[in-house]
Amino acid sequence: MSEIDGKHRVSAEAKSAATEFLATFQTFKNDVSKSMNELGRRIDSIDRKNADIRRPALATQALDELPHRKAISAYVRNGDEDQIRALEVEAKGLNTQVAGDGGFLVDPQTADRIDSVLRSGASMRAVSRVVNVEASAYDVLIDHAEIGAGWSDEVTPQSETAAPTIDRISIPLHELSASPVASQRLLDDSAFDVEGWLAERVADRFLRAESDAFVNGDGVNKPTGFLTKSFVTNTSWTWGNIGYVPTGTDGDFDPNSPADSLVDLVYALNAEYRSGSVFLMNSRTAGEVRKMKDSQGRFLWMEGLQAAQPPLLVGYPALIVEEMPDIASGQHAIAFGNFMHGYTIAERPDLRILRDPYTQRPNVTFFATKRVGGDVSDYAAIKTLRFATS
């Protein structure tokens with residue numbers, strides 16, 4: 001083979017190799033581009049899902065995709081009852097959107113939003129037992145006595161043991177209402193999130209009313225607060241009363257050892273209740289407690305390690321409930337207990353709304369109502385600190 005033929009052969013092989021390389025590289029480039037596009041679509045999908053999780057339920061779909069919300073919006077804005085009457089209620093045992101006592105049941109999306117706002121506030125809801133009921137009352141059965149027991153052998157006849165004592169505590173449900181007012185011009189504004197506004201206003205009113213009733217309610221057309229029960233010194237505690245520990249100083253902590261009464265309060269509660277127990281106090285009381293130090297100069301009040309965690313007081317969470325009384329003579333300004341056992345909140349899961357465009361014309365009044373009750377369900381699970389000598 002001549003030198004020229006050899007050069008032509010090398011050139012042809014190099015050209016073929018270069019062509020094959022370019023084809024392979026183009027295939028690789030196309031595969032990478034396809035993979036990047038697919039990854040981009042997956043990231044966009046994840047972002048949309050995360051946005052839907054963060055976004056309130058009312059804003060996740062267009063109005064025409066949510067029949068309940070569209071009907072509620074038409075009723076709230078314009079008083080149009082036709083769409084809402086045509087819907088079927090998804091709740092068990094109901095077949096109409098018209099409530100028996102007037103008004104309309106709120107769609108599930110709106111009700112869920114209001115419920116989440118209620119639970120996010122500084123309320124006893126955060127630590128108490130909450131149950132949904134369909135009746136007008138909720139009965140709690142409490143076995144507060146020990147079942148009898150005894151030792152025996154194979155030949156000695158066994159004696160009869162004592163029977164347990166069962167108490168029934170009935171918690172009636174009461175009607176809680178709120179009446180936010182909006183102008184018709186504001187409701188006509190399509191950019192105004194009327195459902196979100198109504199949910200937030202109603203939730204705020206309900207939160208404040210409930211919080212006060214769970215602490216101070218007298219039981220007359222409202223829940224019974226735990227601070228309205230009879231109090232006795234913890235050394236003479238009996239069922240039906242709430243035991244308290246005195247600070248030893250009238251209207252204040254003991255000046256020489258102020259923290260001792262907090263420790264006494266913790267150990268006034270039986271060991272089986274202390275796991276899961278919390279302190280309750282208002283901000284002014286917390287301001288005084290936060291200044292306390294132990295014998296080593298360390299503060300008794302410790303902030304939570306994370307933003308969502310409550311502060312700790314002598315090792316137990318402290319919840320700020322503004323409805324608790326201030327420090328004063330004879331006041332039970334601090335409570336400690338396992339409220340998941342000690343206090344039960346019963347409520348109906350539905351919320352009703354009635355639109356009134358006539359009473360305060362040209363404004364529109366919305367009457368929102370729900371039924372809720374609450375009462376002490378275990379008197380042994382709650383103790384208080386009384387600012388008195390005894």
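Two strands pair if DSSP finds at least two bridges between them, and strand 13 and strand 17 do so in the antiparallel sense over 5 bridges. Welcome to this structure, which is a predicted model: local features need pLDDT of at least 70, side-chain atom pairs count only at pLDDT 80 or more, and totals for chains, interfaces and linings use all residues. Residues are numbered from 1 along each chain as its sequence is written, and side-chain values use heavy atoms, with hydrogens and water left out. Helices (H or I, at least four residues) and strands (E, at least two) are DSSP runs, numbered from the N terminus.

- An open sheet is formed by 8 strands in the order 7-8-17-13-9-12-11-10, with mixed pairing.
- Its edge strands are strand 7 and strand 10 (301-302), each of which pairs on one side only.
- Helix 7 (residues 260-268) packs on the sheet, where it touches strand 8, strand 9, strand 11 (312-313), strand 12 (316-320), strand 13 and strand 17; contact here means heavy atoms within 4.5 Å.
- The direction of helix 7 makes about 160° with that of strand 17; axes are lines fitted to C-alpha atoms, for helices over the stretch in contact, and angles run from 0 to 180 degrees between N-to-C directions.
- Strand 7 and strand 8 run parallel and are joined by 3 bridges, with Thr 233 standing opposite Tyr 244 in strand 8.
- Strand 8 also pairs with strand 17, in the parallel sense over 4 bridges, and there the bridge partner of Tyr 244 is Thr 384.
- Strand 8 is mostly covered, as 4 of its 5 residues are buried; buried means under 20% relative accessible area, exposed over 50%, and partly exposed in between (1.4 Å probe, protein chains only).

**The nonpolar cores**

- A nonpolar core is a set of buried Ala, Val, Leu, Ile, Met, Phe, Trp, Tyr and Cys residues joined through side-chain atoms within 4.5 Å.
- The largest nonpolar core has 43 residues, and those touching the most other members are Met 124, Phe 226, Leu 280, Met 324, Phe 339, Tyr 343 and Phe 366.
- Among the elements that give two or more residues to this core are strand 3 (137-143), strand 9 (278-281) and strand 16 (363-376), while helix 6 provides the largest share, 7 residues.
- Leaving aside residues up to four places away in sequence, Phe 339 touches Met 124, Val 127, Ser 128, Arg 129, Phe 226, Val 278, Leu 280 and Ile 382.
- A second, separate core of 26 residues includes Leu 269, Met 281, Ala 333 and Ile 334.

**Aromatic pairs**

- The structure holds 6 aromatic pairs; rings of Phe, Tyr and Trp (its six-membered ring) pair if their centres lie within 6.5 Å, and planes under 30 degrees apart count as stacked, over 60 as edge-to-face and the rest as tilted.
- One of these pairs is Trp 239 with Tyr 379, which is edge-to-face at 5.3 Å centre to centre and 75° between the planes.
- Trp 239 lies in the loop between strand 7 (231-233) and strand 8 (242-246) and Tyr 379 in the loop between strand 16 and strand 17 (382-386), so this pair ties together parts that are 140 residues apart in sequence.
- Trp 239 is partly exposed, with a relative accessible area of 24%, whereas Tyr 379 is buried at 10%.
- Phe 279 and Phe 336 form a tilted pair, 4.6 Å centre to centre with 45° between the planes.
- That pair links distant parts of the chain, with Phe 279 in strand 9 and Phe 336 in strand 13 (residues 332-337), 57 residues apart.
- Both Phe 279 and Phe 336 are buried, and together with Tyr 316 they form one aromatic cluster.
- Phe 336 also takes part in the sheet, where its bridge partner in strand 17 is Lys 383.

**Loop residues with positive phi**

- Most residues other than glycine have a negative phi.
- Asn 221, in the loop between helix 6 and strand 7, has a positive phi near 60° and is exposed, with a relative accessible area of 64%.
- Val 314, in the loop between strand 11 and strand 12, has a positive phi near 45° and counts as partly exposed at 29% relative accessibility.
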